[in-house]
Amino acid sequence: GKTMEPLERFSTLSGRWFTVAAYAPEPDCFLTVCTDITSNIRVEEKLRESEYRYQLILDSAGEAIYGIDLEGNCTFCNKAFLEMTGYASVDELLGKNMHAAIHHSFADGSHFPFEKCRIYQSFHEGVGTHVDDEVLWRVDGS
């Protein structure tokens, strides 16, 4: 009586994709279900291609660029950003709070509260801001 997760993912010669799952409603009896996931696979392929092109555009920019969600967690960054901050890989930053990673302290080294951060205030209030006196910290503390 337990539904099982898809056991296998396969494609046919015609290019269609399926998953196979099994269900045992009673002892000595089982049901096999094949689900056509061709459209899902095609959407995943298009998404990967789009993400690849998006990253190429980001990485071609000479300026450091990163994005954050409404909690301040990193959603993307480009190579220039990694070079500027000293991180080796985007994987070190994805999902991490960017204030804590690169904006945690004032220039004198004293703690910079997240709530007073103009970047944080800007995206929470929906108002743009431009400043030229911010300090961003590299992964090595410089």
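## A partly exposed ring

Let's start with Phe 10, which counts as partly exposed at 31% relative accessibility; buried here means under 20% relative accessible area, exposed over 50%, and partly exposed in between (1.4 Å probe, protein chains only). This is a predicted model, where local features need pLDDT of at least 70, side-chain atom pairs count only at pLDDT 80 or more, and totals for chains, interfaces and linings use all residues. Residues are numbered from 1 along each chain as its sequence is written, and side-chain values use heavy atoms, with hydrogens and water left out.

## The sheet

Phe 10 stands opposite Phe 18 in β2. The setting is an open sheet of 3 strands in the order β1-β2-β3, with antiparallel pairing. Its edge strands, each pairing on one side only, are β1 (8-11) and β3 (29-36). On average, neighbouring strands are turned by 30° against each other, direction ignored; the axes are lines fitted to C-alpha atoms, for helices over the stretch in contact, and angles run from 0 to 180 degrees between N-to-C directions. Strands (E, at least two residues) and helices (H or I, at least four) are DSSP runs numbered from the N terminus, and two strands pair if DSSP finds at least two bridges between them.

β1 and β2 pair over 4 bridges and form a hairpin with 5 residues between them, where Gly 15 in the turn has a positive phi of about 90°. Strand β2 (residues 17-26) pairs with β3 over 7 bridges. That hairpin has 2 residues between its strands, and Asp 28 in the turn shows a positive phi of about 60°. In β3, Val 33 is the bridge partner of Ala 21, and Asp 36 is that of Phe 18.

## Into helix α1

Thr 38 lies in helix α1 (residues 38-60) and is buried, with a relative accessible area of 1%. Its side chain makes a polar contact of 2.6 Å with that of Asp 36; such a contact is a pair of N or O atoms within 3.5 Å, where within protein one must be able to donate a hydrogen and the other to accept it, and residues adjacent in sequence count only if both atoms are side-chain atoms. Not counting residues up to four places away in sequence, Thr 38 touches Gly 15, Arg 16 and Trp 17 (contact means heavy atoms within 4.5 Å).

## Aromatic pairs

The whole structure holds 6 aromatic pairs: rings of Phe, Tyr and Trp (its six-membered ring) with centres within 6.5 Å, stacked if the planes are under 30 degrees apart, edge-to-face over 60 and tilted for the rest. Phe 10 and Phe 18 are stacked, at 5.7 Å centre to centre and 25° between the planes. The rings of Phe 114 and Tyr 120 are tilted because their planes stand at 55°, with centres 4.2 Å apart. Ring pairs link Phe 114, Tyr 120 and Phe 123 into a cluster.
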